[in-house]
Each structure stands twice: as structure tokens, then as C-alpha cells.
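Please work through the following exercises with the sequence and the model open beside you.

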Amino acid sequence: MDFKNKLTYWYSNNKRDLPWRNTQNPYHIWLSEIILQQTQVKQGLPYYDAFIKQYPTVFDLANASEEEVLKLWQGLGYYSRARNLHTTAKHVASELNGHFPNNYKDLLKLKGVGDYTASAIASIAFNEVAAVVDGNVYRVLSRYFGIKTPINSTDGIKEFKKLASNLIDKEQPAKFNQAIMEFGATQCKPKNPNCTVCPLNDSCIALQKDMIEFLPVKLKKTKVKTRFFNFLVCIDNNKNTFLEKRTSKGIWQNLYQFPLLESHKSLSSEEFHLLNTEDSVLNNLKFDYSLYNTEDKVHKLSHQHLYTKFWIIETKELPNNSIAIKEIKNYPVPVLISSFIEAFNFNDL
DNA sequence: AAGTCGGGGGC
DNA sequence: GCCCCAGACTT
């Protein structure tokens with residue numbers, strides 16, 4: 001058997017039963033692919049089920065508000081995916097009569113759909129011969145063929161795309177694409193792959209040269225920035241609070257949070273007080289404050305480590321643009337905020 | 001070509 | 001602590 005036959009044979013006997021594998025509905029395939037971008041199946045699965053249930057058709061998704069979509073996406077991260085998802089749903093619903101493009105070239109034009117996702121939808125939903133190259137494919141091919149070209153270099157991206165295009169089973173592109181990805185996810189894993197039971201272990205270059213742990217090669221590491229966040233958890237006698245929407249570009253765009261004061265270092269209570277006397281959020285208000293967490297809560301993102309303090313601000317009456325505390329749960333918020341809300345028992349007030 | 005964008009999990 | 005995950009988009 002050749003490479004593609006070994007893979008598809010292995011896939012037939014080892015594939016997981018996943019909901020998006022029981023359909024060719026382009027809407028379902030598209031939804032699953034967006035959710036699974038940079039996301040493990042285990043993490044994305046419950047979100048897929050929730051979206052299908054909440055929005056059975058692309059029209060249902062198109063008719064929702066962005067805030068509702070972000071709320072359902074809450075916790076999954078990379079929120080631009082959710083915003084683009086909504087944009088594309090509206091486009092497909094209103095401009096394309098609810099019909100997704102049925103080929104790679106046109107799929108590529110959709111917002112949030114890049115080379116990988118266009119190839120995935122074209123092959124899986126429409127059986128087009130379009131090779132997918134995701135993190136799994138990079139790993140499988142770099143190891144099996146012993147390719148040291150960095151997978152995130154311009155040359156590497158072209159080289160692996162070309163190689164995958166030459167290897168794909170033209171008779172069953174949908175099965176081949178899913179097979180090589182599934183193989184990378186559960187057999188040719190990043191750490192400690194069990195090569196002794198691998199169907200490709202008689203011809204894998206990396207295994208022969210003992211290079212498994214050094215492939216694939218990837219350039220540069222991300223530089224992590226440290227930031228200091230002070231959230232103002234305002235509470236008044238009528239059980240109201242403040243939330244603000246993050247409208248600017250950057251992390252958590254269009255999600256909500258407690259009013260934020262960013263500082264250049266972790267603030268003491270005295271420094272925090274001084275900051276507030278000059279800040280507009282609380283001006284003209286008489287308030288008492290206390291620090292909820294003595295130790296900074298550290299929230300780690302890919303490129304940022306957030307050292308966070310939650311300041312509890314109690315006052316008699318907040319301005320009328322405040323919201324009822326019990327309404328907080330309706331707003332999409334970052335995990336950092338939702339974790340605080342859960343830990344901080346507002347009922348004890 | 002390099003940066004940015006989340007959160008969870010493996011080791 | 002570092003790396004990875006069914007990547008896309010911006011600069």
C-alpha cells in the first residue's frame with residue numbers, strides 16, 4: 001500500500017465518531033471548521049453542539065445579534081472567529097440565498113476562511129480535490145518525509161501545500177484530508193507518539209533517523225508582554241454595577257468587562273486610591289473600596305500575561321447608565337471576568 | 001515577514 | 001515553564 005492508502009485504511013479503523021462527520025451540509029462543515037481553528041476537538045465539540053442547537057440554519061445565525069453570537073462563543077477564545085462567523089453568515093443568508101460557495105476559490109473569499117478552511121469545506125462538503133494543511137498535516141508530512149523546512153516560513157508553507165496536493169487521494173479527497181488530520185491528532189502526536197504501532201513506521205524518515213522529537217521545525221517563539229489590569233467592580237445599594245464594552249482593537253474586542261484601569265505595575269491600595277482621585281470613571285462619587293484579591297490573578301494569553309486586581313467599589317447609587325447585577329450573565333465576557341463573577345458571590349451583598 | 005489574537009491541556 | 005491545537009488577518 002502507498003502513503004494515501006495506508007492513511008485512509010488506518011482512518012477507516014481508527015476515526016473518532018464526531019458530529020460533523022455525519023453530514024455534508026456545508027453550513028455544518030463550515031461551522032465546525034471555524035470552531036476547530038487552533039482549537040482541539042475536545043474543546044470545540046460542546047460549542048459545535050451548542051451552535052447547531054441554537055442556530056439550526058445559516059439564517060438563524062444571520063438573524064442573531066453579534067452580542068448573542070459572542071455570548072455563545074464565550075470561553076472559546078480568538079473572538080475574531082465569532083465576529084467573522086457572524087459576518088459570513090449574514091453574507092451567505094442575504095447575498096447567496098443561504099447557499100455556501102461550492103468550491104475552493106469562492107470559499108476563500110469568505111471572511112474568516114483562509115487556505116486551510118476553504119480546502120476543508122471544498123473537499124469535505126463538495127468532494128473537491130483540495131489538500132488541507134493544518135498543524136496535524138505539517139507534523140505528519142515533516143516527520144514521514146523528514147522535511148526540515150520551517151513550517152511557518154514562506155518556503156515551508158508552499159512546500160508542504162504542494163506536497164499535500166501531490167499526495168491527496170483524488171478519488172476520495174474528503175476521506176484523505178480527514179484521515180491525515182485525524183492521524184496527526186491521535187497517532188502522530190506532538191509528544192510521545194507511539195511509533196511501535198504506527199502503520200507508517202516501516203517508511204517514516206524521522207523514525208529511521210531518530211528525528212521524531214525535532215520535527216516539525218518551527219521558527220521563533222512568541223514574545224510575551226506583561227500588563228497590569230485593575231478592574232473596578234462597582235456595586236451600589238440597588239444592586240447595580242458597571243460594564244463597559246471593549247470596542248478598540250486588541251484582545252477581547254466587543255466583549256464586556258468591568259471598567260478597567262491599566263497600570264504599569266501592580267498597584268498598592270494607596271496608589272490605586274491616588275489614581276482614582278484623578279480618574280473620570282468614579283468622579284463625583286463618594287465610595288468605599290476594598291481589594292478582592294491580595295495576590296494578582298495571573299491570566300495567561302498567547303502573547304500577554306495579565307496581572308489582575310479586582311477592586312470592589314461600593315457606593316450609594318451609581319449613575320443610571322449602570323446595569324442590574326443579575327443581568328451580567330447576559331453579556332459576553334472574557335474568561336478572566338466570568339471566573340471572577342463566579343468566584344465573587346454577588347448574592348452575599 | 002512578522003505580529004496579533006484565547007483558552008485549555010500535555011508533559 | 002514551554003509547546004501545541006482541524007489558522008486568519010493585519011501591519
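**Exercise 1: Contacts with DNA strand C**

A backbone N or O atom of Gly112 lies 2.3 Å from a phosphate oxygen of DNA strand C. This is a predicted model, in which local features need pLDDT of at least 70 and side-chain atom pairs count only at pLDDT 80 or more, while totals for chains, interfaces and linings use all residues. Residues are numbered from 1 along each chain as its sequence is written, chains are lettered from A and ligands numbered from 1 in the order in which they are written, and side-chain values use heavy atoms, with hydrogens and water left out.

Task: Find which elements give two or more residues to the surface near DNA strand C.

Solution. Begin with the phosphate oxygens of DNA strand C, one of which is 3.3 Å from a polar backbone atom of Tyr116, and one of which is 2.8 Å from an N or O atom in the side chain of Asn136. The elements that give two or more residues to this surface are α8 and α9 (135-144), where helices (H or I, at least four residues) and strands (E, at least two) are DSSP runs numbered from the N terminus. Next, take the 25 residues around DNA strand C, of which Leu36, Gly112, Arg139, Met181 and Lys249 come nearest; a residue is near a strand if one of its heavy atoms lies within 4 Å of it. Finally, of the atoms of DNA strand C within 4 Å of the protein, 65% belong to sugar or phosphate and the rest to bases.

**Exercise 2: Contacts with DNA strand B**

Task: Describe the residues that surround DNA strand B and the atoms that they approach.

Solution. Start with the count, which is 24 residues, the closest being Thr154, Ile251, Trp252, His299 and Ser302.

**Exercise 3: The setting of Gln304**

Task: Decide whether Gln304 counts as buried or exposed, and name the residue with which its side chain makes a polar contact.

Solution. First place Gln304 in strand β8 (residues 304-315). Its relative accessibility is 13%, so Gln304 counts as buried; buried means under 20% relative accessible area, exposed over 50%, and partly exposed in between (1.4 Å probe, protein chains only). The side chain of Gln304 then makes a polar contact with the side chain of Arg227 (2.8 Å), a polar contact being a pair of N or O atoms within 3.5 Å; within protein, one must be able to donate a hydrogen and the other to accept it, and residues adjacent in sequence count only if both atoms are side-chain atoms.

**Exercise 4: The nonpolar core**

Task: Which residues touch the most other members of the largest nonpolar core, and where does this core lie?

Solution. Of the 97 residues in this core, Phe3 and Trp30 touch the most other members; a nonpolar core is a set of buried Ala, Val, Leu, Ile, Met, Phe, Trp, Tyr and Cys residues joined through side-chain atoms within 4.5 Å. Helix α8 (residues 115-126) gives the most to this core, with seven residues. Domain 1 (3-214) and domain 2 (225-348) both give residues to this core, so it lies between them; the domain bounds come from an automatic or database domain assignment.
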